Amino acid sequence: AGTFDDAARGFLEQEALPQLELAANRPNIQIVRKKLRDGLLGDVSGEKAIADANGAALSFMESLAANAEADPAVRVNAVLFIGELLGADRKPWRPAADALVKLVSSADTPLALRIAAVVGLKRCVDATKGAAEDQKQLAASVVSAVVAVLGEKPPAEAVDARDWLASRCLELLPPLKPTGEGIV
């Protein structure tokens, strides 16, 4: 109804979003993620209510992704959820892109989470097509994340996964270059 009050926040944080963590939901975790995203956040209306609901979901999912005790599938799906958050304009939500950049950039973040983050970040970058100002705003942080990934020396057992991450990061750059302008 255009508002996101304490009751809605409580339901989202204490009842709905924890569904992603339940062992019984693990076999269908991608369906659960989609239902949570579309069923709960898809019907929110009003720019402020959307921002508030997305903010609560982002905070919850960041905590879940950071929880080293959580099942790896749950952590990956929490990051994928972040990349699927939509703003009032039905495009990827900009604060989600900032959270994804942090995940991709951090060498301390497990590779599986960084890979999931780059998937969402690609959606954010692709959504800026034709919007030079949006591209410019996102470009600096994305370029920093790519540089961080390319500058890492991976452990021997993770070379292939890290190389895959690096190649996916490099794919982020071309869409960020507005016609006739540099990326940064």
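Reader: What covers the buried residues of α7?

Author: The cover includes α5 (94–105), α6 (111–126) and α8 (159–170). A quick word on the source: this is a predicted model, where local features need pLDDT of at least 70, side-chain atom pairs count only at pLDDT 80 or more, and totals for chains, interfaces and linings use all residues. Residues are numbered from 1 along each chain as its sequence is written, and side-chain values use heavy atoms, with hydrogens and water left out.

Reader: Which residues of α7 are called buried?

Author: Q135, L138, A139, S141, V142, A145, V146 and V149. Buried means under 20% relative accessible area, exposed over 50%, and partly exposed in between, with a 1.4 Å probe and protein chains only.

Reader: Where is the kink in α7 centred?

Author: On A139, with a bend of about 35°. The bend is the angle between axes fitted to the seven residues ending at a residue and the seven starting there.

Reader: What makes α4 oblique to α5?

Author: The axes of α4 (residues 72–83) and α5 cross at roughly 140° and come within 8 Å. Angles under 35 degrees count as roughly parallel, over 145 as roughly antiparallel, 65 to 115 as roughly perpendicular and the rest as oblique. So α4 is oblique to α5.

Reader: Which residues meet there?

Author: From α4 come V79, I82 and G83, and they meet A96, A99, L100 and L103 of α5. Contact here means heavy atoms within 4.5 Å.

Reader: Why is R90 called partly exposed?

Author: Its relative accessibility is 47%, so R90 counts as partly exposed. R90 sits in the loop between α4 and α5, and its phi is near 65°, a positive value in a residue other than glycine.

Reader: And I115, what is it in contact with?

Author: Leaving aside neighbours within four places in sequence, I115 is in contact with A161, W164 and L165. I115 itself lies in helix α6.

Reader: Last one: what covers the buried residues of α3?

Author: The cover includes α1 (6–16), α2 (29–41), α4, α5 and α6. Among the buried residues of α3 are F60, M61 and L64.

Note on methods:
Helices (H or I, at least four residues) and strands (E, at least two) are DSSP runs, numbered from the N terminus. Axes are lines fitted to C-alpha atoms, for helices over the stretch in contact, and angles run from 0 to 180 degrees between N-to-C directions.
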